Amino acid sequence: MRLDKFISQQLEVSRAIAGREIRGQKVTVNGEVVRDTAFKILPEHEVEYDGNPLQLQVGPRYFMLNKPQGYVCSTDDPDHPTILFFIEEPTAWKLHAAGRLDIDTTGLVLLTDDGQWSHRITSPRHHCEKTYRVTLEHPVAEDVAQQFAAGIQLHGEKSLTQPARLEEITPTEVLLTLSEGRYHQVKRMFAAVGNRVVGLHRERIGGIVLDADLEPGEYRPLTEDEIASVGLPDELKQK
């Protein structure tokens with residue numbers, strides 16, 4: 001990568017400003033001042049700007065975040081704080097959520113800058129399952145699990161929902177597993193059977209389970225196995 005492009009990304013400034021800073025002798029590579037904006041940065045290079053080390057990003061990145069209430073999953077929002085507030089990584093603005101949560105929904109969010117990987121999570125064609133812990137206003141009716149397994153007719157939708165699994169934890173708390181992601185689907189499914197969701201927390205996406213050690217607002221990189229659980233073809237996952 002060219003040095004001016006690297007500095008531009010790291011400082012989140014234009015290439016022209018990055019070039020000015022380089023020519024101003026504010027950038028060192030392996031302890032030596034470099035004024036050539038086209039200098040090629042390699043993974044083993046140690047780059048500093050104004051005495052502060054900069055990290056060269058190598059390859060795509062994958063993180064899990066325990067999202068708290070009150071934050072949106074977009075990278076930029078004029079009215080609400082975004083989940084990037086919690087991500088202390090270089091060029092965090094390049095990350096996006098692979099499957100968003102509503103502002104009042106908590107739990108597992110996956111962030112990456114790998115578009116193909118996130119597509120395997122969000123595309124309906126891949127049927128990536130998500131499990132939610134749902135708190136309800138009223139006790140769940142006995143026949144709701146059967147209704148969800150058969151498919152629910154949502155208001156304003158032409159087709160039934162795909163089969164979903166419901167596991168009762170307490171009369172007003174359940175685990176719901178979906179393989180699709182329609183707009184406000186969990187809330188609308190329970191509304192369709194005469195109940196109301198008062199708390200919603202995502203626990204699992206595909207084979208990736210929210211780390212119990214992560215407090216709300218905390219995040220960590222995904223393990224190689226967690227990344228591969230999404231990225232590998234289904235036939236290879238089973239081997």
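Glutamate 180 sits in the loop between strand 10 (173-178) and helix 5 (185-192), where helices (H or I, at least four residues) and strands (E, at least two) are DSSP runs numbered from the N terminus. The model is a predicted one, in which local features need pLDDT of at least 70, side-chain atom pairs count only at pLDDT 80 or more, and totals for chains, interfaces and linings use all residues. Residues are numbered from 1 along each chain as its sequence is written, and side-chain values use heavy atoms, with hydrogens and water left out.

With a relative accessibility of 15%, glutamate 180 counts as buried; buried stands for under 20% relative accessible area, exposed for over 50%, and partly exposed for values in between (1.4 Å probe, protein chains only). A polar atom of the glutamate 180 side chain lies 2.6 Å from the backbone nitrogen of glutamine 162. The side chains of glutamate 180 and arginine 182 are joined by a polar contact of 3.2 Å. Such a contact is a pair of N or O atoms within 3.5 Å; within protein, one must be able to donate a hydrogen and the other to accept it, and residues adjacent in sequence count only if both atoms are side-chain atoms. Not counting residues up to four places away in sequence, glutamate 180 touches Thr161, Gln162 and Gln185, contact being heavy atoms within 4.5 Å.

Helix 3 (115-122), strand 8 (130-136), helix 5 and strand 11 (197-205) are the elements that give two or more residues to its lining, and helix 5 gives the most, with three residues.

Turning to the aromatic rings, the structure holds six aromatic pairs. The rings of phenylalanine 63 and tyrosine 219 form an edge-to-face pair, because their planes stand at 80°, with the centres 5.6 Å apart. Rings of Phe, Tyr and Trp (its six-membered ring) pair if their centres lie within 6.5 Å; planes under 30 degrees apart count as stacked, over 60 as edge-to-face and the rest as tilted. This pair links distant parts of the chain, with phenylalanine 63 in strand 5 (residues 62-67) and tyrosine 219 in strand 13 (residues 219-221), 156 residues apart. Phenylalanine 63 is buried, at 4% relative accessibility. Tyrosine 71 and phenylalanine 85 make a stacked pair, 6.1 Å from centre to centre and with 25° between the planes. Both of these residues lie in the loop between strand 5 and strand 6 (96-97), 14 residues apart. Tyrosine 71 is buried, with a relative accessible area of 18%, whereas phenylalanine 85 is exposed at 60%. Ring pairs join Tyr71, Phe85 and Phe86 into a cluster.

The structure has zero disulfides, a disulfide being a pair of cysteine sulfur atoms within 2.5 Å. Cysteine 73 is in no disulfide, and the nearest cysteine sulfur, that of cysteine 128, is 15 Å away. Cysteine 73 is buried, with a relative accessible area of 5%, and cysteine 128 is buried at 10%.

Helix 1 (residues 3-11) contains aspartate 4, which is buried with a relative accessible area of 7%. A polar contact of 2.8 Å joins the side chain of aspartate 4 to that of arginine 2. Beyond four places in sequence, aspartate 4 touches Arg15, Ala18, Ile22 and Thr37. Glutamine 10 is also found in helix 1, and counts as buried at 18% relative accessibility.

Most residues other than glycine have a negative phi. Asparagine 30, in the loop between strand 1 (27-29) and strand 2 (32-33), has a positive phi near 55°. Histidine 127 likewise has a positive phi, of about 50°, and is partly exposed at 47% relative accessibility.
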